[in-house]
Amino acid sequence: MSGVMSEEDLALPPPIIARAGNSAATASQWRLMAWRFSRHKLAVVSLVIVVLLYLTGIFAEFLAPYSPETTRPQYTYAPPQGINLFAPSADGGWAFNFHASGYDITVDTEAMRRSFTANPDKIIPLGLFVEGQPYRLFGLIDANIHLIGATDPKEVVYLFGSDRLGRDVLSRLIHGTRISMSIGLVGVVISLVLGVFFGGISGYYGGWLDSVIQRLIEVISAMPTIPLWMGLAAAIPLTWGPIEVYFTVTAIVSLLGWTSLAREVRGRFFSLRNEDFVTAARLDGAGEMRIIFRQMLPSMTSHILAMVTLAVPAMIIAETSLSFLGVGLKPPVVSWGVLLQDAQNLRAITSAPWLLFWPALFVMIAVLSFNFLGDGLRDAADPYDS
Amino acid sequence: MTAEPDIVLSVRDLTVDFTQRQGSFRAVDGVSFDLRAGRTLGIVGESGSGKSVTARALMQLVDPPGRITSGSIRLGEIDIAQLPRRGEAIRAIRGADISMIFQEPMSSLSPVHTIGAQVMEVLELHLKLDRKAARARTIELLGQVEIPNPEQAIDRYAYEFSGGMRQRAMIAMALACNPRVLIADEPTTALDVTTQAEVLDLIGRIQRERGMAMLLITHDMGVVAETVDDVAVMYRGQVVEAGPVDQVFHGATHPYTQRLLAATLKLEQPAARPALSVVSSPILSLRNLGKTYQLGIGAFGGKAKGTLRAVDAVSLELAAGETLGIVGESGSGKTTLGRLILRTVEPTDGEVVYSPPGAAPVVVRTLDKAGLRNLYSEIRFIFQDPFASLNPRMTVRQIVGEPLLINRRGSAAEINARVSQLLELVGLDAEMMDRYPHAFSGGQRQRIGIARALALDPKVLIADEPTSALDVSIRSQILDLLIELRQRLGLSFIFISHDIGVIRYFCDRVAVMRRGRVVEVGDAQTICTSPSHPYTQALISAVPYPDPRRPRMQQRARYTETSLGVATLR
Amino acid sequence: MLLYILKRLLYMVPTLFGMSLVSFLIIQLPPGDFLTSLTSAIADSGQSLDQASIDRLTALYGLDQPFYVQYWNWISNIIFRGDFGWSFDWGQPVSRLLWDRMGVTIFVSALSLVLIWALAIPIGIYSAVRRYSIGDYVFTFLGFVGLAVPTFILALGLMYISFTWFGLNVGGLFSPEYEQAPWSLAKFIDLLQHLWIPVVVIAISSTAALIRVMRANLSDELSKPYVVTARAKGLSEFTLIMRYPVRLALNPFVSTIGWVLPSLISGVTITAIVLNLPMAGPLLLRALVSQDMYLAGAFILIMSVLTLIGMLLSDILLAVLDPRVRYQR
C-alpha cells in the first residue's frame, strides 16, 4: 500500500482525474442528455415514430393514394382489401405480383345497398410511385405521383376500407394526420408561451402577482376539462371557416394545457432562484436578464422540452374527443377526431369496424409514442443527478 | 478459533461487493475485528472508505446490489454472514441482539408515527410485551436517555423534537431490548458540537452501565480520541491500522494513519504566518446589522404568526489584511450575516460600510444596481457547497470567465489568458478549463470557486464554510491555499465556519455568534484557549480533541440559558 | 383541526368565484343572447314574438344590463334561491333537470373512484417493491396503454367487443324491459350488467396514472433512511413496507385526488355521451349544441363545485393522515 492519500495530493500539478479517454469531462449538457436518452430504447423508437408521423403529415398528398374528398357512391362501406406480394402464376406456381384483392359485389335490392367482400382471386395490380390524381405539394409543386396505388388508374383500391360516401379511409387518415399532429404541436407552442410567461413571472417575482396567477391556475385546473372544452368549443359560430375553427380549437385546447407547464416553470424558477450558482452569478455582477438567460433558462430547457413532449398527447386526445363529439373540427376538415365521428354508434362500428379501428390505432400510436418519448426525455433531462 | 469470553461479535475477512453493470466494486475488502463486552471499537475513515458499509453488513443491512461475498460475522454460535438477508433468523437478531443508531436522526425516524409508537414496536416485536407494558417501558427508556417529560414526549412526532432529542429517541429505540452490541454510524455528525458532546456522553454512560459492546463509526479523529477504547483505521475498504487508541494516535505505523493524524492535528493550532504588521483602518464595518424574518405569511398576505430575529444588531470591523472568523452553531445566524453584507439577503436594519484604501467609503445599503455591481468586484464570495455553486451546464472557462466577461475586463483572448492564470494560481491545470464541473472532485471544484472569486482582483473575500463539505485531508489543503493567496494578494477575509479548528488555523480574530447575536469577539488564539463568555467556554470545551491523552470534552463547561451573559462587543 | 377545515373552506371562496365567472362566461360566450335563441326557436316553430314581448323579456332577464349586473342576478338566484335559470330547450327550470342527472353522475363517479383506488394502490405497491420485475414491466406497459387510449375510443371499443362477442347491447343503464320496472333484484343485476362498462372505461386512464404515481412515491420512500431503521428493528419485510413506506407514500397519493377528480368527471361526461347513459354528459352536449346556455352553464358550474368539494375532502383526509400537515397549518 503506498502512502497515497487522495487524488488531491497529486492534483498539484498535474491533475490526475478525468484522464485521456474520458470525453464525458468536456461533454456539454446536450451531449450528456443524448447519451442518456439513447440508452432508452423505447424512447428512441418512439422518436422515430413521431418523426415518421410528422413526415406523413407533411407529405400527405404524395403518400395518400387519393384525395380525401374523392367520393364514390358506388363503393360505400367497402371493407379493407388485403395486400399481397405473390399471386398464382400462369404455370401453376407462385410469382411475385404486388397486388390487392378485388371485391365481389352483392346488391341487396330490398335495403337498396351493396355489400362487398374481398375476393383473393381478383387481382388488382399495385405499384409504387404510380400516377394518379393531380395535387399541389406544399401548395407550390404540381404533381400526380402517389407512393402507392393501382397501376391501372381505372381500378380503385381501399387498403383500409371506405366510408359512408365511398371515400378512401387510408387517404383520409393520412390527411387527418396532418391536422391532428399539427394541432398537438401548435397547441403545445401556445401552451408553452403562456406557461413560460405566467410561470416565469409567477416564479421570478413572487408576491401578490404569484398569488393571483396561482389562484387562476387553481381555478382552471380544478374545472373538469372535457365539459369546459365543450362549453368553449360550442361557442364557435357555425358560420366560421375551417381555418378559423382550426385555430380556435387549438387555442381552446392549449388554453387549458398551459397550467401544468406554468406550474413546472414556476417551481423550477423558485428552486433555481435560490441555487448557489445563481447567487454566484448575481455576485459576478450579472443583471437580471443575464441571470435568466445564461443561468436559469439553460437549466430548465431540457425539463421544459420533456414537459412539452408530455403535453402533446393531451392535446391530441382533446382535439380527437371534441371533434368526435361534434363541437371541435367539422367536415370538410379531416382530422382523426372527425374520422371517428363516423364511428359514433354501435350500428356504424359493427357494420364497418375499420372506421373505428384505423383512426383509433393512429391516435393510440401517436399518444403512446409521445408519452414514451417524453418519459425518455424527462429521465435524460438532468444528466447531473447521479 | 478459541473464543475469548468477552468477545461478543467477531468479524473475520469480511468482504462486501457491489455488482453493477459496469463491473464489480469492492466496498469492504477482507476486514477483521472483534467487539468485546464493555468496550468500544471506533472505525475511522474518510468518505468512501467503506466504514458505513462495514457497519451495515454486521446486521445484513447492505442493500442490493451490495452483497457480503466472503468472511464471517460470528455472534456466539451464529454466523451472520451466512444468514439470508430477509430471513427470520437475522430478523430475530436485529434490534434484539444488535441494534444500530444512524447518522441523520430526522430522516431515520418516521415523520408520521409518534416517537413512542416507533419505540414500542421493537418491544412488542422482540419482547412480546403488550401495549400497556410496552408503553410503560418506553416512557422509562425515554427517561433513561434524558428526554424531558417522557410521559408527554412519547406521543410527540420527530419533527417536534430538536436534533439532539431525536438522536436520544433513536438511542432509546436501539436500547429497548437491551442488545449485546450497539452500532453507532456517525451518530453525531449531523449535530452541533455542544449537542454532540452530550449525546456522546449519554452513549458512553449507557454503554458502560450495561456492559454493551459498541462499534462507533466516525470520520472525526477527535470523537475517536475522546470516546473509544480501540481504533481501526479504514482506507479504501481495508483496515490499514488497528490497535488500542493510544497506540494508534501515538505510534501510528501506516502512512495513511500518519497523514490523517497530521492533517487533523494541523488544524489544532494556528497556521504559521506573519502577524499583522500594522493594525490598519477597517476596510469593512458592520454597524448594528440585523435581519428579521416574518414567519408563516398566508397566501392572502395575512398577518405573520411571529418574527424570527436571524441576525440581531451585529457590529463588527474587518481591518485591511485581516482575517475575521465568524463561528457559531446551526441557527446562530452566521450564514445569514455573510449574505447580509453583500445584500444577497436584504438587511432589515443597520449599515455595512466598505472603505477601500484611498477611496471614499461606500455605504452598501444606499447603493443602486450599478454601485452594487462595482462593490461585487471588490468583495467576493466563496460558497460552502462546491457542487451547487458551480453551474453544471457551463465549462470551467465560462464559469471563471463569467465575472470578467460581465465586467468587460478585456478581449476574449485576454479573458482566456486570465482564466488560465487564475486556474494555475489555485493549483489547477489550465488545460482543464474546457471541462465541465462534473469532471472534478469536491476539492478541485472548491478551487474553481476560489478562482472565480479571485477573477476580479478583489480586496475582501467572504468565505461561507468553504471547507465543511470536504474531507479532513483536503480541508487543510484548501485552507493552505487560501493562506497562501491571502499573503500573495493582500486579501482581507471574513471566514464563516462552525468548526473551531478551522477558525483557529486560519483566522486572526474571531466573533462568536449565538442566536443572531455576537457574544464575544477577540483574538482567535485567546478565544480558542481561554474564552471569557460562558457560551464560548462551553462551545470550545465541547470540541473533541484528537489526542486520547488530553481529553477535553469530558471536563467541558456546560452552558444553559440562565447563565446568559452580556455579549462582549469590541 | 376545525380551524384547518375552516381555513380550507375560506380558501375555496376565491376559487369558487373564479369558477362561477368562467361558467357565466360560457353562458355569455355564444353570439347573441338567450333571447335571440328563444326568438329564433319560436320563429322556427312558425310563430313570432312581437317587439313588446321581446322588450318585456329583455327587462325580465336583465339582458340590457351590463355584464356584472347580469352575473350578479344569475349567481344570486343560484345562491339564495337555488334557481339556475330557465332551459328554453326543455321548457323547464334548469334546477329540475339538473339534480336527477347529477345524482347518477355522482354515483357512477364514486363507484369508479373506488375501483381506481382498489386497483391502483396494490398494483402500485407491487410495482414499486418488485421494481424491474416482469410483473412491473407488464403493469407499466398496460399503464401506458391505458393512458394512451382516449376514453371515448375505449368506450366504443368495449361496446363493439361486448356486442360482437357477447351479443350484449350495453347502451343506457337498463335493458328496455327494466326501464320502467320497479326496483327488484333482477333490475339491480341488469343495472350492474350495464354499469360495468362505463365504470371500467372511466376508471382505466386514472388507474393507469395513479399506478405510476403510487409506484414513484413508494420508490422514493423505499430508499429513505427510516426504512433501514425499521429493518434494523427486525420487522418482517412485509410489515415494515406496509407500516412505513406505504403509509408515507399514501399521503401524496391522497392529494392526487385533486387532479383525478376533474379528469374523472371529464371521463364520466364523454363516456355517458358515447354509451348514451342518463347522466349529465349527454344533456350537457345537447344543451351546448342547441345553445341552451343556462342549462350548460349550470352543469359546468355544478361539476366544478363537486370537484372542489372532492378536493376539500381529500385535503381533510390528508390532514387526518399526516401529522405534518396539521402541524404546519
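What follows is a quick tour, topic by topic.

This is a predicted model, in which local features need pLDDT of at least 70 and side-chain atom pairs count only at pLDDT 80 or more, while totals for chains, interfaces and linings use all residues. Residues are numbered from 1 along each chain as its sequence is written, chains are lettered from A and ligands numbered from 1 in the order in which they are written, and side-chain values use heavy atoms, with hydrogens and water left out.

**Chain C overall**
- Chain C has 15 helices and 2 strands; helices (H or I, at least four residues) and strands (E, at least two) are DSSP runs, numbered from the N terminus.
- The C-alpha trace of chain C spans about 85 × 55 × 35 Å along its principal axes.
- Of its 329 residues, 52% count as buried; buried means under 20% relative accessible area, exposed over 50%, and partly exposed in between (1.4 Å probe, protein chains only).
- Chain C has an accessible surface of about 15,000 Å², and 67% of that belongs to carbon and sulfur atoms; areas come from the Shrake-Rupley method with a 1.4 Å probe, and for residues only the protein chains shown count as cover.

**Domains in chains C and A**
- Chain C splits into domain 1 (2-84) and domain 2 (95-328), with bounds from an automatic or database domain assignment.
- The C-alpha centres of those two domains of chain C lie 32 Å apart, and 19 residues of domain 1 of chain C are in contact (heavy atoms within 4.5 Å) with 19 residues of domain 2 of chain C.
- Chain A splits into domain 1 (61-167) and domain 2 (174-381), and their C-alpha centres are 37 Å apart.
- The contact between them takes 15 residues from domain 1 of chain A and 11 residues from domain 2 of chain A.

**Salt bridges**
- Over all chains, the structure holds 45 salt bridges, each a side-chain nitrogen of Lys or Arg within 4 Å of a carboxyl oxygen of Asp or Glu.
- Asp276(A) forms a salt bridge with Arg339(B), with the closest N and O atoms 3.5 Å apart.
- Asp276(A) lies in helix α10 of chain A and Arg339(B) in helix α12 of chain B, so this pair joins two chains.
- Both partners are tucked away: Asp276(A) is buried at 14% relative accessibility, and Arg339(B) is buried at 17%.
- Besides Asp276(A), the residues that Arg339(B) touches include Thr279(A), Phe381(B) and Asp464(B).
- Within chain B, Asp34(B) and Arg12(B) meet in a salt bridge (3.0 Å, N to O).
- Asp34(B) sits in strand β2 and Arg12(B) in strand β1, so the pair ties together parts that are 22 residues apart in sequence.

**A hairpin in chain B**
- Strands β19 (residues 509-514) and β20 of chain B run antiparallel, joined by 6 bridges; two strands pair if DSSP finds at least two bridges between them.
- Arg509(B) has Asp523(B) in β20(B) as its bridge partner.
- The hairpin has 2 residues between the strands, and Arg515(B) takes a positive phi near 50 degrees.
- 5 of the 7 residues of β20(B) (residues 517-523) are buried, so this strand is largely enclosed by the rest of the structure.

**A nonpolar patch on chain A**
- A nonpolar surface patch of about 890 Å² has Leu47(A), Phe59(A) and Ile141(A) among its members.
- Patches are made of residues with over 30% relative accessible area and no salt bridge, where like charges are joined within 9 Å and nonpolar side chains (Val, Leu, Ile, Met, Phe, Trp, Tyr) within 5 Å.
- Helix α3 (residues 41-58) of chain A gives the largest share of the nonpolar patch, 6 residues.

Terms used: Lists of a residue's contacts leave out its neighbours within four places in sequence.
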